[in-house]
Amino acid sequence: MVDAHDTAERWIGGGVTAERDRTIQVASLRYFDAAQCAARIASALGGAPPAAGRLERHGLPGSAEPFAMLWRSPSETWVLAGSPAPIDALRRGLGTTEAAWLVDLSGGVLGIHLAGTRALAVLRRLGSSLSIPRLGEARTGRFADVTVTVAGWHADEYLLLVERVFYEHLVDWIRETLADLRLEDDR
Amino acid sequence: MSGFRLPEPHGTRIDRTRPIPFLFNGKVLAGFRGDTLASALLANGVRLVGRSYKLHRARGVFGCGFEEPNAIVDLVDGERRTPDVRATTLELTEGLAAQSVNCWPSVGLDFGAVLGAFAPFLPAGFYYKTFMWPDWHWFEPAIRWMAGLGRTSLAPDRDRYEEICVDADVAVVGGGIAGLSAAVAAAEAGAATTLLCAAPAAGGALGWRGDATVRALLAKAGRAGVTLLTRTVAFGVYDHGLLCATESLAAATPGTHGALRERLWKIRARSIVSAQGAFERPMLFPGNDRPGVMLAGAAEKYAHAHATACGRRAVIAANADSAYAVARSLRAAGIEIVAVVDRRPPESIGAHAEGVRCLAHHGIRQVIGGRGVRGCVVVDADAPGDRGERLDCDLILSAGGFAPAVHLHSQAKGRLRWLEDAAMFVPDGAAPGLHSVGACAGVFARSAALEHAAEVGRSLALGFTVPPPPVGGAGRSLASSRIPGVRGKIFLDLQNDVTVSDVSLAAAENYRSVEHLKRYTTTGMATDQGKTSNVNALVLMGEATQRAPAEVGTTTFRPPFAPVSFGALVGRRVGNRYRPLKRLPAAGWHAEHGALFELFGNWSRPAGYPRADESLESAAQREAETVRGAVGVFDGSPLGKIEIWGADAAEFLDLMYVGTMSSLAPGQARYGLLLNEHGVIVDDGVVARLGTGHFWVNTTSAGVERTAAAFEEWLQCEYPNLRALVTPVTSRWGNVTVSGPKAWATLATIGLDRRFAPETMQHMTIADGEFDGSPVRILRASFTGELSYEINVPVERTRDLLERVWAAAAPLGGCPYGIEALEILRTEKGYLHVGVDTDGTTLPGDVGFARGLERKRANFVGRRSLLRPAARNPGRSRLVGLKPADGRTRLPVGAQIANAPPPTATEGHVTSSHWSPTLRAPVALAMLARGAERLGETVGVHHLGQRIDAIVVATSWIDPEGKRLHG
Amino acid sequence: MMKIPCPHCGVRDENEFQCGGTAHLARPALDASDREWGEYLYFRDNPKGSHRERWRHAYGCGRWFNVVRDTLTHEISAVYPITETPAR
């Protein structure tokens, strides 16, 4: 079985744009206790692990080295950045502490931005409404039958983070959904 | 041919300016926009629409909605076929083509109808009684051919389906006046309210009657922000307020293939309101299944909503006051009402119709006309044997009272009670999370329903106590809708051809439980789920066993309320989305190099790289031979990769694996078997120590999620005090494996440091390095038996590394190799493939990993189970090698090992088998009882009646000392 | 499909969870008798009504936790940490 590989990186339908985030770097920050290592992380990066279910964005978009931290579980925060620099800075800052462990997942986790007034309508066709975050939240849940971490990135914009092996599967599902939204609008 | 169109102003739901041609059984007919297929067929004078399931009796349209048992058709549109569609709920669309079901060669001339002559021999339970001798299988093909309803298409479904999940404070099911009233009140009180309406437009029965209140409510619903979903059928209430419904989009896009056809709604509702109305209960009399006998309310709806008269002269068989309202209404529409034949005594009748003859305490003894009603004979209820009076008519309407649609209430685990006066089951209090309003709550008075529904909607929105329904308004009905003593075939369940005498028979044979009655007679088990037959069946069962209907009880109502297409349930999960496929990071490189992709677990990966003239099998032979002779390049990216970190990581891994990992020095790696608590092997892999408190674990490709989940479960639930963290990193790293005697010769030229040379980097060690500016993590481990390097590289560099390795390997005579070649190579070495050579009973000792276990300190997962008597039984199976005695016959995988031909006790089975290109002979692995003691023994391998002699040998054929591993 | 309150992520649909069966099973030591070990592996109560069981938010935070669920009505009356053993 040879798969048709979709080399496109942008899909539009029903007023919603889905676009691969080409530059996103993702690192997993693991710890036994967030409070224990919060100070160290804060001094290394300038931001502390967010509270459960939250997304914290630091630095203005377009500024030197913006980055975001999102809560994944009681022992994991993901650090997102547009370049390797913030992740490298964090690694240096953490040094050899036994309180926290940084695992670079860049390339292993891919990002898709879903934007438009009906972006929410698309997410509702991928997974349960209970798993869809509000602005400033991050929820990990089941979308298109795989685990996806969704962040409420801007008003009417979500960032979807998915394990690389399932990226094409998720894109396929989104592409079909957008196509049907568009057809519905044509009617 | 007796139906016809009525003049305006009849036809509130049709648009006479929009005629629509359609095909029925190959004949071109015409209807109007707003017609259902049923109303259009009736208006065209079509009476015979199908044949019944068992007896192939002629049948016509009986109802006007979900209760329809007869008018079931197949829709045919090119290669698309939609079987078993109710004509009564199907909107007429341009080019619609419908066919009758269950008849051959045609509905008029039906071969199976001869069965009618055998009807006396086909009573309830006839399958169990009749076709047992000599063997059911003699009869099965013919019965299966004649039974059943529509035919499905064998072509793939090109339509699309989707699923959507939403929330609602209040979800109201039913767009009639009660549902509208509840929805408007809830929304006006601030609740996020969704109203689901099965019809193309909300309004219900009062809507098509042109009621002004309905119009006002519809306008209010719009203003209050009610989300109105039309053409949407709520089919099930599930746990914790989940309401599921299907929205049909087909009517909006007729003739379009590949468009979105249905949408599955999953609505999480804080409160659900059921306003599904009531079904009419039919009268029971001989011949009550003939075309021309139908529900009274249906005829009324056809007249007013669709301007369709179902006949010219009607007799109404009654057990309810509603008969008189229908009589007045149809008479006003110009249809002659010959008489209302009321089964009740005069004192129970609470209505009358001006100018209509009423025969109180009478019933129908006989219907005249086989394929269409021409008249009937009525008798006094106390004298069923009398000659009676013949009434000429072309339509007999059944007004037996009402059965509230308690389906959703019952699905939500609500209880029912029997109303003696009105002879109906109504909700006994609310169900958890669901309240009923209107007719489905037993509220039949219009103003009471309106007020109560509004109060329910408002209370749910504001969190107030919900008022109980003001049950009543339906008048009086008798429980029994037949007059006793009449003779003839009286149909109870029209779709499954269950008769009144079938129920008596079941009772006589002591099937007293209603659940047994249902299954023995099959009443209520057809696609209509007994919407017109269940209550009558319970009443009859009660009569036959001297019990009241309340004592008989009802069967369990389960979803779906109406049939749901598989497409809607499957949604987007078709083709490659059937299950999430995992793709290789450098899939494109493999495709360019001739890879044949197949599914292994959920991975789409190269099985081999067959050249133009090669089969996959011969490609695998060539690839395996190349690895042994020169070098092969393999994409090992799917290999499971998990990092474990923390002060207690070593102690934790000792608890997880059979092998001891704490004694590894940093940079060393060890093979490990993972067991479950039953001691059964569930995965294997290589554990490497990166630092004191940091490990790299390779699992099998298919086992990584399972293994990571097992690690987490043990860590979180059993060893929460251990300081260890588990992070799966499979997707982060690509893996290019280079294997063969020229493996290092290949890698030496791509810029890897000389310290990775086999002289300085030993087998089963791990080291970090650099490739072209990127970090690489190199593991010396081998699944081929040859010198091997597993090079892990940041995933986005996988293709770069593959290209560089390939550029170096190709001039040395190398090739890429796929899974099939790998299977040959590892079988030649006797290496275990978990899940292929092992199954759900295989313990470590069965594959030769029992030594030294007693010296291990940790109480690893599954250890105690290895001490059970069964685990220590010397008769257990053992993995062995097998070679055919003749040196050339391949041993089939799965073939049983026994000394006598089957049937006999088996001693084992072949688990892996290949032709070895290196040995030029077959090699096989097998699980064999006491295998370790039987080396050199000849055993019988049995396959499809053939015996192949095979010799038991050690598991490693090639390089048993393992010299080649070290390069 | 039930709604299950994950103690970390909040209420989610059942299809994001994995059920791990009866909670609070004590794993016998290595020197346990065959009978004790067999009961740990194979014997479970099957109550009609309140049942303590453990679940994992498999598609979410990945955490295990304990749930008290009524096996008849599917009502979930309590959720508590995996490390907690409440008094019966």
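Which residues in α11(B) meet which residues in α13(B)? In this predicted model, V500(B), V503(B), S504(B) and A507(B) of α11(B) are set against A537(B), L540(B), M541(B) and A544(B) of α13(B). By class, this contact holds seven nonpolar residues, one polar residue and no charged residue. Helix α11 spans residues 500-508 of chain B and helix α13 spans residues 534-544 of chain B; their axes are 9 Å apart and the packing angle is about 45°. The two helices, α11(B) and α13(B), are therefore oblique to each other. The crossing in which α11(B) passes α13(B) is right-handed.

A further helix pair of chain B consists of α7 (residues 296-306) and α8 (residues 322-332), with axes that come within 10 Å and cross at roughly 25°. Because of this angle, α7(B) is roughly parallel to α8(B). In this pair α7(B) passes α8(B) in a left-handed crossing. From α7(B), the residues A296(B), G297(B), A299(B), E300(B) and A303(B) take part, and they meet S322(B), A323(B), V326(B), S329(B) and L330(B) of α8(B). The contact of α7(B) with α8(B) comprises six nonpolar, three polar and one charged residues.

Chain B also contains an open sheet of six strands with mixed pairing, in the order β41-β42-β43-β40-β34-β44. Helix α21 (residues 798-809) of chain B lies across β34, β40, β41 and β43 (788-794) of chain B, and α21 runs at about 10° to β40(B).

At the level of domains, chain B is divided into domain 1 (4-112), domain 2 (159-279 + 402-478 + 562-578), domain 3 (588-638 + 732-825), domain 4 (640-730) and domain 5 (872-965). The C-alpha centres of domain 3 and domain 4 of chain B are 25 Å apart. Contact between these two domains of chain B involves 12 residues of domain 3 and 12 residues of domain 4. On the side of domain 3 of chain B that touches domain 4 of chain B, nine residues are nonpolar, two are polar and one is charged.

Chain A is divided into domain 1 (10-22 + 108-186) and domain 2 (25-104). Their centres, taken over C-alpha atoms, are separated by 24 Å. In chain A, 10 residues of domain 1 are in contact with seven residues of domain 2. The elements β9 and β10 (146-154) of chain A give two or more residues each to the side of domain 1 that touches domain 2. This side of domain 1 of chain A divides into four nonpolar, four polar and two charged residues.

Between chains, 39 residues of chain B are in contact with 36 residues of chain A. The elements of chain B that each supply at least two residues to the side touching chain A are β9 (160-173), β14 (260-274), β31 (582-583), α16 (587-592), β32 (596-600), β35 (640-645) and β39 (725-728). Of these, β9(B) provides the largest share of that side, seven residues. The side of chain B that touches chain A is made up of 19 nonpolar, six polar and 14 charged residues.

Chain C has one helix and six strands, and from the N terminus on its elements run β-β-β-α-β-β-β. Taken along the principal axes, the C-alpha atoms of chain C fill a box of roughly 40 × 30 × 25 Å. The contact of chain A with chain C takes 13 residues from chain A and 13 residues from chain C. On the side of chain A that touches chain C, β5 (67-73) and β9 (138-143) of chain A each supply at least two residues. The most is given by β9(A), with four residues. By class, the side of chain A that touches chain C has three nonpolar, seven polar and three charged residues.

Definitions and conventions:
Residues are numbered from 1 along each chain as its sequence is written. Chains are lettered from A and ligands numbered from 1 in the order in which they are written. This is a predicted model: local features need pLDDT of at least 70, side-chain atom pairs count only at pLDDT 80 or more; totals for chains, interfaces and linings use all residues. Ala, Val, Leu, Ile, Met, Phe, Trp, Tyr, Cys and Pro count as nonpolar, Asp, Glu, Lys and Arg as charged, and the others, Gly among them, as polar. Two strands pair if DSSP finds at least two bridges between them. Axes are lines fitted to C-alpha atoms, for helices over the stretch in contact, and angles run from 0 to 180 degrees between N-to-C directions. Angles under 35 degrees count as roughly parallel, over 145 as roughly antiparallel, 65 to 115 as roughly perpendicular and the rest as oblique. A crossing is left-handed if the near helix is turned anticlockwise from the far one by less than a right angle, and right-handed if clockwise. Domain bounds come from an automatic or database domain assignment.
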